[in-house]
Amino acid sequence: MTPLFFGMAGTELSDAERSFFRDLDPAGYILFKRNVVDRAQLRALTDTLRDISGRDDVPILIDQEGGRVARMQPPEWPAFPKAELFDRLYDIAPMTAIEAARHNAHAIAATLHDVGITVDCLPLLDVRQPGAHDIIGDRALGAEPMRVAAMGRAVIEGLRAGGVVGVVKHIPGHGRAMADSHIELPVVGADADALETDLAPFIALNGAPMAMTAHVVYPAWDTAACASLSSKVIGEIIRGRIGFDGLLMSDDLGMHALTGDFGQRAAGVLAAGCDIALHCSGDMAEMEAVAAKVGPIEDRARERLDRAMATIAGGASKASVAELIAKRDALMAVLSA
């Protein structure tokens, strides 16, 4: 097995992708809107990925947050609310907001489990800061760390109840960034004391099964490298100060916050301490460049991967998507009262 999560180009695997994935045995896969048509097609695609890997529990990821980040969309699947609405509900009724977030995540998980997707890149634990770039914005669960942590925990629990592993992101915090790391490299100039606010939700949820790094530079910790490429940030802050010992994946290697060729990027995030390098585009030339610079998965990373996937080994609850959405909407009705 290689320590890679790969995307793919289309709605079914090409012969070249089948051969490449079979020979390489990536640790898992990630899906995007370009890979999604309907339930039957998506289930066939995930079944193919399981067959190729030979693992019933192979991680198959997606970003299904709700709001503006949703790879599976109406009319085939329900639209889910943006995180900001749960934050607004928390202002009125905190426990109601937490329970609504749990039911919402459970409903998302039920839609994913139905088509064979096992990991959702959710929840965001980024603490929203005034004036920051809106790449996080309404995707955040709030501007107060313990509120973010409480609802983030509910999201992880709801996903798990539906048979899906949650991924906390973007560790150690993207909420202050003044730039979009998809486009350029953000530099967060806050001092270490101020950054304790950003760390707090991740510390509270340091037992999460998986986490995704931020392609953000924090000069208070490392003046040269972004978190994904910084052995100091990963070792001292993520593994040390936060105390996270779950599976750590990089954010996408294709984002413009990173430089160098794709092989260098993959080798760099793994050398810094990420367990898995994430490559999303499905571009075969890029994937080949990544694979050329990556060796077998390390034992500790494999143990973390197995431990994360074991959190859903008991399967999913029998609750229906419609039932879960109805429960969520009844709790959120106060927002429109």
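Tutor: Residues are numbered from 1 along each chain as its sequence is written. In this predicted model, local features need pLDDT of at least 70 and side-chain atom pairs count only at pLDDT 80 or more, while totals for chains, interfaces and linings use all residues, and side-chain values use heavy atoms, with hydrogens and water left out.

Student: Why are helix 5 and helix 6 called roughly parallel?

Tutor: The axes of helix 5 (residues 145-161) and helix 6 (residues 192-204) cross at roughly 30° and come within 8 Å. Angles under 35 degrees count as roughly parallel, and the two helices are therefore roughly parallel to each other.

Student: What makes residues of helix 5 and helix 6 meet in terms of contact?

Tutor: Contact means heavy atoms within 4.5 Å. Pro145, Met146, Val148, Ala149 and Arg153 of helix 5 meet Thr197, Ala200, Pro201 and Ala204 of helix 6. By class, this contact has 7 nonpolar, 1 polar and 1 charged residues.

Student: What makes a space a cavity?

Tutor: On a 1 Å grid over the protein atoms alone, a cavity is a set of points where a 1.4 Å probe fits but cannot get out, and its lining residues have an atom within 4 Å of a point. The structure holds 2 cavities of 30 Å³ or more. About 190 Å³ of space lies in the largest cavity. Its lining comprises 19 residues, with Glu65, Pro81, Ala83, Leu122 and Leu141 the closest to its centre.

Student: Which residues line the second largest cavity?

Tutor: Ile135, Ile136, Arg139, His170, His174, Ser181, His182, Asp251 and Met255 line the second largest cavity, in which about 50 Å³ of space lies.

Definitions and conventions
Axes are lines fitted to C-alpha atoms, for helices over the stretch in contact, and angles run from 0 to 180 degrees between N-to-C directions. Helices (H or I, at least four residues) and strands (E, at least two) are DSSP runs, numbered from the N terminus. Angles under 35 degrees count as roughly parallel, over 145 as roughly antiparallel, 65 to 115 as roughly perpendicular and the rest as oblique. Ala, Val, Leu, Ile, Met, Phe, Trp, Tyr, Cys and Pro count as nonpolar, Asp, Glu, Lys and Arg as charged, and the others, Gly among them, as polar. On a 1 Å grid over the protein atoms alone, a cavity is a set of points where a 1.4 Å probe fits but cannot get out, and a pocket is an open set with protein on both sides within 12 Å along at least five of seven lines; lining residues have an atom within 4 Å of a point. Grid points are joined across faces, edges and corners, and a volume is the space filled by probe spheres set on the points.
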